[in-house]
Amino acid sequence: IFVWGNGACSRNGTSDSKALAELASHGYLVISDGTPGGSGSRAMEMSDVLLQYVDWAIAQNSKPCSPYYQSLDTTKIAADGFSCGGMLAMGTAHDPRMTTWGLASSGSFNENRQLWDAVHTPVLILEGHQDNTGAYTNGLRDYNGIAPKGYPIMFFSHKSYGHGGDLTSSNGGEFTKIMLAWLNWWL
């Protein structure tokens, strides 16, 4: 099970469709916040909204009338998000059901000890080094805050990518290849 927070905390569930379709094509149940072509956005804050999708998927796995009945491994759950959507992914860090979570072009705006102390799983952080929004610095701050906790954490930064890296490229680009390798490793 993989839940995703969109850039700008958008409620358009297909805004990152190239990346998410690539992940889904490898057998992951991908749930993106919002509806296809949806409008509006969520507040930019850590939230448990992605955990509500996890609850839904686990419930669907138990319902005989569901197309997902007994077909999901509910012990293997990941979250990630792009930009503001990364704040939504951070909201899953404390949940004991999570196997891993990550950020793409995202990170805390200042020291976030509450988040860092909640980490109990491997973490993946993807940034574009040329990101002029501050996300690179924020993601690096989170890496430096989480790494001493002793859980596996990886920080990747492409030297010529900006905000969002290449998530909109064909098949989600290099960022998605890294996310897929991470999911295959931990899930």
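A disulfide is a pair of cysteine sulfur atoms within 2.5 Å. I begin with that definition, as the first topic today is the cysteine pairing in this structure.

Before going further, please note that this is a predicted model, in which local features need pLDDT of at least 70 and side-chain atom pairs count only at pLDDT 80 or more, while totals for chains, interfaces and linings use all residues. Residues are numbered from 1 along each chain as its sequence is written, and side-chain values use heavy atoms, with hydrogens and water left out.

A search of the whole structure finds one disulfide. It is formed by Cys9 and Cys84, with 1.8 Å between their sulfur atoms. The angle about the S-S bond is -85°, and the link of Cys9 and Cys84 is left-handed. Cys9 sits in the loop between β1 (2-5) and α1 (17-24), and Cys84 in helix α3 (residues 84-90), so the pair ties together parts that are 75 residues apart in sequence. Helices (H or I, at least four residues) and strands (E, at least two) are DSSP runs, numbered from the N terminus.

Are Cys9 and Cys84 buried or exposed? Both are buried. Here, buried means under 20% relative accessible area, exposed over 50%, and partly exposed in between, with a 1.4 Å probe and protein chains only. Cys65, by contrast, counts as exposed, because its relative accessibility is 72%.

I turn now to the salt bridges. Side chains of opposite charge can pair when their charged atoms come close. The rule applied here asks for a side-chain nitrogen of Lys or Arg within 4 Å of a carboxyl oxygen of Asp or Glu, and the count by this rule comes to seven salt bridges. One of them joins Asp33 to Arg11, with the closest N and O atoms 3.7 Å apart. Asp33 lies in the loop between β2 (30-32) and α2 (49-62), and Arg11 in the loop between β1 and α1, so this pair ties together parts that are 22 residues apart in sequence. Asp33 counts as buried because its relative accessibility is 0%, whereas Arg11, at 28%, counts as partly exposed. Arg11, Asp33 and Arg42 are linked in a network of salt bridges.

Another salt bridge pairs Lys149 with Asp117, their closest N and O atoms being 2.6 Å apart. Lys149 belongs to the loop between α5 (135-146) and β6, and Asp117 to helix α4 (residues 113-118), so parts that are 32 residues apart in sequence are tied together. Lys149 counts as partly exposed at 37% relative accessibility, and Asp117 as exposed at 53%. Arg113 also forms a salt bridge, with Glu111, at 3.0 Å between the closest N and O atoms.

How many cavities of 30 Å³ or more does the structure hold? There is one, and about 50 Å³ of space lies in the largest cavity. A cavity is, on a 1 Å grid over the protein atoms alone, a set of points where a 1.4 Å probe fits but cannot get out, and lining residues have an atom within 4 Å of a point. A volume is the space filled by probe spheres set on the points, which are joined across faces, edges and corners. The lining of the largest cavity includes Phe2, Asp80, Trp101, Leu124 and Trp182. Elements giving two or more residues to that lining are β3 (78-81), β4 (100-104) and α6 (173-186).

Note on methods. On a 1 Å grid over the protein atoms alone, a cavity is a set of points where a 1.4 Å probe fits but cannot get out, and a pocket is an open set with protein on both sides within 12 Å along at least five of seven lines; lining residues have an atom within 4 Å of a point.
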